[in-house]
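This report describes one protein chain in plain terms. Look over the sequence and the model before reading on.

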Amino acid sequence: MSNGTNFYLIRMVESLGVLVRTRLWMQIVIAMILGLTVGLLLSPEGAALVSQDLSAALASWFKLPGSIFLNMIQMVVIPLIMSSIILGLSGSGNVSQLKRVGLRIAPYFVGTTTVAVIIGIILVQLIQPGDYIDESLLSAATELQAASAPQVMESKPLPERIAELIPANLNESIAMRNMLQLVVYAIFIGVAVMLLPQKQRETAVYAFGIIQEVALKVVGWAMLFAPLAVFGLLADIAIRVGLTAILGMSVYVGTVILGLLILLSFYLIIVSLVASVGPVTFLQRISGVQLLAFSTSSSAAVMPLSMRVAESPLGVKPSIAKFIVPLGATVNMDGTALYQVIAAVFLTQVYGIDLTTAQLVGLTVTTVGASIGSPSTPGVGIVILATILAGIGVPPEGIALILGVDRILDMCRTAVNVTGDLTACLVMDKLLGSDRLEEATTQTA
């Protein structure tokens, strides 16, 4: 890993350090409880302490901080995603190792992410958590209008869809928030930067690092504002929706957590079969990283600890750990992918949208691509979800229903994401270890 990239990884951690010191996660959990309580006390379907007209007026003011919060994150999400991917690909100073690891890690990341998405689709289809939410109450909560009704996706031949993965017009991709095209574009730029002469590569890494740092700063401001935003959004939903829909969210939360536990078990099987490390031993060695990731909801914030744990207790070669962990924190978001696909299908169930097999396959591909572009910072995954929802005809306003419980799920999926990164370190160390043995044998001969 080059000095320039290490510098920006350190700055990323420092910029998020305030979130750790202020125990933001605890503030948001308290805000969720208070928002729910206040909303139910004021809701016409709850304690009804005020008149219906007054409760509606209060709900709109409660919602204001949440709208500001979402807008702050949305305005930097695209530069944050693209800079993260470009830095993850171009930040290695060892081109030879990057090629060797890349040929193995790319299909591995795509494969595990696909497995995570499939787990999510199967679970959400079996449990049907959307059936526990009343659509009319949701419509009242999100103030949907006729203009925001779902639109039918245009049917295009498969070759044309494949060709459109390459963004011919970057401005159009940004305007339409086509996350998969932007991910592909960032991959092209990242590989091109990696192949530049060293001086030019360092300059490019420096420039993209500044973009990432600025975006992270804005996200940090937004997250400091998050407790008030969560309080207001949850109070607004509780006032307008009432207790029935909120209780229905427990099934959705349970579906996501069950999926994450299944995905965690999948990692333990991989570690046991490929790296010959027992599940209990593996969990004991990484428990500290998991707890920190759970409390901060940021893979970036735990990067130094993740690399140290990979090198020492897990015995991974330092060069592999220092490459896989930062790259994994950028592109290996299996827990996020599982969450996003469950949330997307859940909302289609709420809105009564029936997805065809072709749409489910398309959703799988889109979720895998979008999860690769999910920055390792708290609060951004919910925004990326909005772009996925637009592709299947769900109004972006639908995320208001799940935003109140997103923080708890964010903590859970971040812990799983970090576990996936450390699993990848063990797998790549095992595979590249056999390569080193073959190289040594060849040189001796």
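Where does L165 lie? L165 is in the loop that links helix 7 (158-163) to helix 8 (170-175). Helices here are DSSP runs of H or I with at least four residues, strands are runs of E with at least two, and both are numbered from the N terminus.

The model is predicted: local features need pLDDT of at least 70 and side-chain atom pairs count only at pLDDT 80 or more, while totals for chains, interfaces and linings use all residues. Residues are numbered from 1 along each chain as its sequence is written, and side-chain values use heavy atoms, with hydrogens and water left out.

**The chain as a whole**

The chain has 19 helices and zero strands. Of its 445 residues, 53% count as buried. Buried means under 20% relative accessible area, exposed means over 50%, and partly exposed lies in between (1.4 Å probe, protein chains only). The accessible surface of the chain is about 18900 Å², and carbon and sulfur atoms hold 66% of that area. Such areas come from the Shrake-Rupley method with a 1.4 Å probe; for residues, only the protein chains shown count as cover. Among contacts with a separation of 6 or more, 85% are between residues 24 or more positions apart. A contact means heavy atoms within 4.5 Å.

**A surface patch**

L165 is partly exposed, with a relative accessible area of 30%. Together with I162, I166 and F188, L165 makes a nonpolar surface patch of about 370 Å². Patches are made of residues with over 30% relative accessible area and no salt bridge; like charges are joined within 9 Å, and nonpolar side chains (Val, Leu, Ile, Met, Phe, Trp, Tyr) within 5 Å.

**A salt bridge and the cysteines**

Side chains of opposite charge can pair when their charged atoms come close. A salt bridge is a side-chain nitrogen of Lys or Arg within 4 Å of a carboxyl oxygen of Asp or Glu. The count by this rule is one. The side chains of D410 and R413 form a salt bridge, at 3.6 Å from N to O. Both residues lie in helix 19 (residues 399-444), three residues apart, which is about one turn of the helix. D410 is buried at 5% relative accessible area, and R413 is buried at 2%.

The structure holds zero disulfides (pairs of cysteine sulfur atoms within 2.5 Å). C412 counts as buried at 19% relative accessibility, and C425 counts as buried at 0%.

**T255 in helix 12**

Is T255 buried or exposed? T255 counts as buried, because its relative accessibility is 1%. T255 is placed in helix 12 (residues 243-274). Its side chain reaches the backbone oxygen of V251 at 2.8 Å. Leaving out residues up to four places away in sequence, T255 touches L123, V124, I127, P129 and I342.

Most residues other than glycine have a negative phi.

How values were computed: Polar contact = N/O pair within 3.5 Å; in protein donor to acceptor, adjacent residues only side chain to side chain.
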